[in-house]
Structure formats: C-alpha cells, structure tokens
Amino acid sequence: MQGEKTQKGTKGRVYCANCSHCVVFKQPIESTDAYVLRVRCSMGKWKKKSGDEKIYKYFSIIRRVLEHCDSYDPMGDEKSFLKELRKNLPIKDEIYSYSSAHVREIESEQG
Ligand code: SF4
C-alpha cells in the first residue's frame with residue numbers, strides 16, 4: 001500500500017526501504033577481511049530503547065514498515081521498487097569478503 005505524500009512526510013504505511021534516507025553500508029567484521037551489510041536511517045529515526053542508534057540487517061529491510069514518518073522521501077514508484085527488492089534481497093544474513101567474491105550465510109540472528 002503506497003503512502004499518500006504530503007508536504008511533510010506521508011499519511012499511511014511507508015516502507016523505509018523505498019526512502020532515500022535508508023542507507024546500506026558495509027560493517028567490517030573485526031580481525032577479518034570480511035563484512036556484513038547493514039542499513040541505517042540517515043535521519044536518525046531508528047532508535048533502541050536506550051536511545052542509541054538502531055541498525056538492521058540488510059536482508060530484513062523489507063520488514064521495516066512505519067505507519068507514518070515525517071521525513072519519508074520516496075525514491076520512486078513504491079510497488080515496482082519493492083517488487084525488484086524482494087527478488088534481489090538475500091534471504092539470510094551473509095558474510096562478504098573484501099578480497100574475493102566468496103559469500104556465506106550467517107546462521108545466527110545477532111544485530
Ligand atoms: S526517514 Fe523515515 S521512512 Fe525514511 S528511512 Fe528513516 S524512518 Fe524510514
């Protein structure tokens with residue numbers, strides 16, 4: 001369901017994945033040449049109860065849905081974007097290597 005765009009954000013459900021402020025980044029795994037993909041809100045909207053910033057695993061970003069966000073900035077047609085994203089997102093967390101194309105899945109649900 002697509003949110004109705006207003007002057008400030010939206011009314012209705014919004015998918016963070018379709019927002020320009022939802023940023024994917026590489027999080028290095030200490031003492032290795034590997035990294036995992038994580039996402040953050042560059043507007044600082046995702047918070048833990050402690051007040052610290054919350055980041056999410058890349059593969060789970062499609063589940064980040066809000067009823068409203070006053071900073072939502074859609075990157076395009078939500079329906080087609082989400083359809084493509086669902087096709088291309090990994091189904092589990094994965095470890096990538098900086099030095100090779102090797103990828104493996106992470107079994108735990110940490111982070
Ligand atoms: S600005 Fe709002 S809609 Fe955009 S990523 Fe942050 S929380 Fe999600």
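Where does Ser31 lie? Ser31 is in the loop between E4 and E5.

## The hairpin and its turn

Strand E4 covers residues 22-28 and strand E5 covers residues 34-41; the two run antiparallel and are joined by seven bridges. Together E4 and E5 form a hairpin, with five residues between them. Two of the facing positions can be named: Gln27 stands opposite Val36 in E5, and Lys26 stands opposite Leu37 in E5.

Ser31 belongs to the turn of this hairpin and has a positive phi of about 65 degrees. Most residues other than glycine have a negative phi. Ser31 is not a glycine, yet its phi is positive. Is Ser31 buried or exposed? Ser31 is exposed, because there are 6 other C-beta atoms within 10 Å of it, and a residue counts as exposed at 12 or fewer.

## Other partners of E5

E5 also pairs with strand E8 (residues 94-97), in the antiparallel sense and over three bridges. In this pairing Tyr35 stands opposite Tyr96 in E8. E5 is joined to E6 as well, by two bridges, and these strands run antiparallel. Here Arg38 stands opposite Lys57 in E6.

Tyr56 lies in E6, a strand made of residues 56-57. Apart from neighbours within four places in sequence, Tyr56 is in contact with Arg38, Val39, Ile61 and Arg64. Tyr56 is 32 residues from Val24 in sequence, while their C-alpha atoms are 9.5 Å apart in space. Tyr56 is classed as partly exposed because it has 17 other C-beta atoms within 10 Å, a count that falls between the limits of 12 for exposed and 20 for buried.

## The overall layout

How many helices and strands does the protein have? The secondary structure comes to one helix and nine strands. Along the sequence, the elements follow the pattern β-β-β-β-β-β-β-α-β-β.

The protein has 111 residues, and buried residues make up 13% of them. Among contacts with a separation of 6 or more, 51% are between residues 24 or more positions apart.

## The nonpolar core and the ligand

In soluble globular proteins, nonpolar side chains tend to be buried together. The largest nonpolar core in this model has eight residues: Val14, Tyr15, Cys16, Ala17, Cys19, Cys22, Cys41 and Tyr72. One of them, Cys41, is in contact with Cys16, His21, Cys22 and Trp46, leaving aside neighbours within four places in sequence.

Which residues surround the ligand? They are Val14, Cys16, Cys19, His21, Cys22, Cys41, Met43, Lys45, Leu66, Cys69, Ser71 and Tyr72. Sorted by class, this shell has nine nonpolar, two polar and one charged residues.

## A buried asparagine

Asn18 is found in the loop between strand E3 (14-15) and E4. Asn18 is buried, because 23 other C-beta atoms lie within 10 Å and the cut-off for a buried residue is 20 or more.

What does Asn18 touch, not counting residues up to four places away in sequence? Its contacts are Pro74, Met75, Glu78, Phe81 and Leu82. Asn18 is also 9.0 Å from Ile62, C-alpha to C-alpha, although the two are 44 residues apart in sequence.

## Confidence in the model

The mean pLDDT of the protein is 85, and 80% of its residues reach 70 or more. Confidence is highest in E6, at a mean of 97, and lowest in strand E1 (residues 4-5), at 49. Over residues 1-8 the pLDDT is below 50, and this stretch has 16 contacts in the model beyond near neighbours in sequence. Where pLDDT is low, the predicted coordinates should not be read in detail.

Notes:
Residues are numbered from 1 along each chain as its sequence is written. A nonpolar core is a set of buried Ala, Val, Leu, Ile, Met, Phe, Trp, Tyr and Cys residues joined through C-beta atoms within 7 Å. Two residues are in contact if their C-beta atoms, placed from the backbone, lie within 7 Å. A residue is near a molecule or strand if its C-beta atom, placed from the backbone, lies within 6 Å of it. Ala, Val, Leu, Ile, Met, Phe, Trp, Tyr, Cys and Pro count as nonpolar, Asp, Glu, Lys and Arg as charged, and the others, Gly among them, as polar. Two strands pair if DSSP finds at least two bridges between them. Helices (H or I, at least four residues) and strands (E, at least two) are DSSP runs, numbered from the N terminus. pLDDT is the predictor's confidence in each residue, from 0 to 100.
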